[in-house]
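Please have the sequence and coordinates open while reading.

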Amino acid sequence: MPYICNNSSCHASSLNAYHGRTSCFYRVYVTSNNGSMQYTKQAIDFSDQLSLLKQRGLIIDDEDKALRCLRSISYFRLTNYLVPMESDSDTHAFRPNSHLHTAIALYNFDRKLRSLVFTSIQDIEVALRTRIIHYFSLAHGPFWFMRNDLFINDSIHQTCINNIASEVNRSKEEFISEYRRNYTSPEFPPAWKTLEVVSFGTLSKLFCNFKNVKVKKQVARDFNLPQYTYLESWIKCAVVLRNACAHHARIWNKRFPTMPTMPQRLPESWVSTNSFRPNKLYHQLCYLAYMEQSIVPNSDFTEALVKLVKDNPDIQTRSMGFPLGNWQDEPLWSTRC
């Protein structure tokens, strides 16, 4: 727990005491005379981090292993998984019988879950990219993404064009280089080349901002969705979730800023929608599993997810928004293609 110190000499001595230490931790911050906070936190060594955890009541069964863990994961990443064991959020003291290995197990579960989710989003992103390019290009030609008149919001479209320019210019793909060697106009290659190198976020914005509802419905129907608005909601959420996975962020026990639309009924295997805490991960997993049904008929995403949770019985599924009861008996999770 850092402490507040308004004494300049104390501040100076604190800085000297921890000067030259390595790794990611802190010891002190101060309040300046005008009342604003000045950041003066200093790093402490891995062994000191471990000592501090022990002082707070965390049980370390194997100190060598614990130090290797701190060197590989970092204290503040691991903190996400230590918090549930704290008895006091101010002092960060731990409840009796709190073990470091419990947090490490939770971290490993989250890492495996993140890998599983990221693989699913890759399937969805590639399929969405393919289907948008196909239907939009058939309806409006190979350069539809450049036409301002086809989009609802001019500002959003211009932002997309700016992003596309940056991503195409940065690309080293041979099919982009081939276009540049052979053509000078239009500025960008056709959609089936250009949109292969743009980000998932840009692709999502292009789809959601597109005026032609009829074409968007065609794409949605390919995912067995009766409303294109469901697809808009889901891909917006998937972009946020994908970015979290790509940056190795925690998805266990995470509150997501955007919640997906959860229809009461859908044509394929689905879930009851009165489930627990819609801003948590469970709802995200539901739309991923649903979309996988139309992409990879023999996908093992649902089976792998059920197995991962089953193999980690100590993980509280409620913290991820899973409903009470036997969630795995819902048609979405129990039906195998």
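How do the residues of the lining of the largest pocket divide into nonpolar, polar and charged?

## Basis

This is a predicted model, in which local features need pLDDT of at least 70 and side-chain atom pairs count only at pLDDT 80 or more, while totals for chains, interfaces and linings use all residues. Residues are numbered from 1 along each chain as its sequence is written, and side-chain values use heavy atoms, with hydrogens and water left out.

## Largest pocket

The lining divides into eight nonpolar, four polar and three charged residues. Here Ala, Val, Leu, Ile, Met, Phe, Trp, Tyr, Cys and Pro count as nonpolar, Asp, Glu, Lys and Arg as charged, and the others, Gly among them, as polar. A pocket is an open set of points on a 1 Å grid over the protein atoms alone, where a 1.4 Å probe fits, with protein on both sides within 12 Å along at least five of seven lines; lining residues have an atom within 4 Å of a point.

The largest pocket holds about 330 Å³ of space, a volume being the space filled by probe spheres set on the points, which are joined across faces, edges and corners. Of its 15 lining residues, T102, L106, D314, I315 and Q316 lie nearest the centre. Helix α5 gives the most to the lining, with three residues; helices are DSSP runs of H or I, at least four residues, numbered from the N terminus.

## Nonpolar core

The largest nonpolar core has 96 residues, and L78, W144, L231, L241 and W333 have the most contacts inside it. Such a core is a set of buried Ala, Val, Leu, Ile, Met, Phe, Trp, Tyr and Cys residues joined through side-chain atoms within 4.5 Å. Helix α5 (residues 100-140) gives the most to this core, with 17 residues. L78 touches residues including L100, A103 and Y107, where contact means heavy atoms within 4.5 Å.

## W252

W252 lies in the loop between α11 (228-246) and α12 (281-292). W252 counts as buried because its relative accessibility is 5%, buried meaning under 20% relative accessible area (1.4 Å probe, protein chains only). Among the residues that W252 touches are L106, I315 and Q316. Its side chain makes a polar contact with the side chain of S319 (3.0 Å); such a contact is a pair of N or O atoms within 3.5 Å, and within protein one must be able to donate a hydrogen and the other to accept it, with residues adjacent in sequence counting only if both atoms are side-chain atoms.

## S98

S98, in the loop between α4 (75-82) and α5, counts as buried because its relative accessibility is 2%. A polar atom of the S98 side chain lies 2.7 Å from the backbone oxygen of R95.

How values were computed. Helices (H or I, at least four residues) and strands (E, at least two) are DSSP runs, numbered from the N terminus. Buried means under 20% relative accessible area, exposed over 50%, partly exposed in between (1.4 Å probe, protein chains only). Lists of a residue's contacts leave out its neighbours within four places in sequence.
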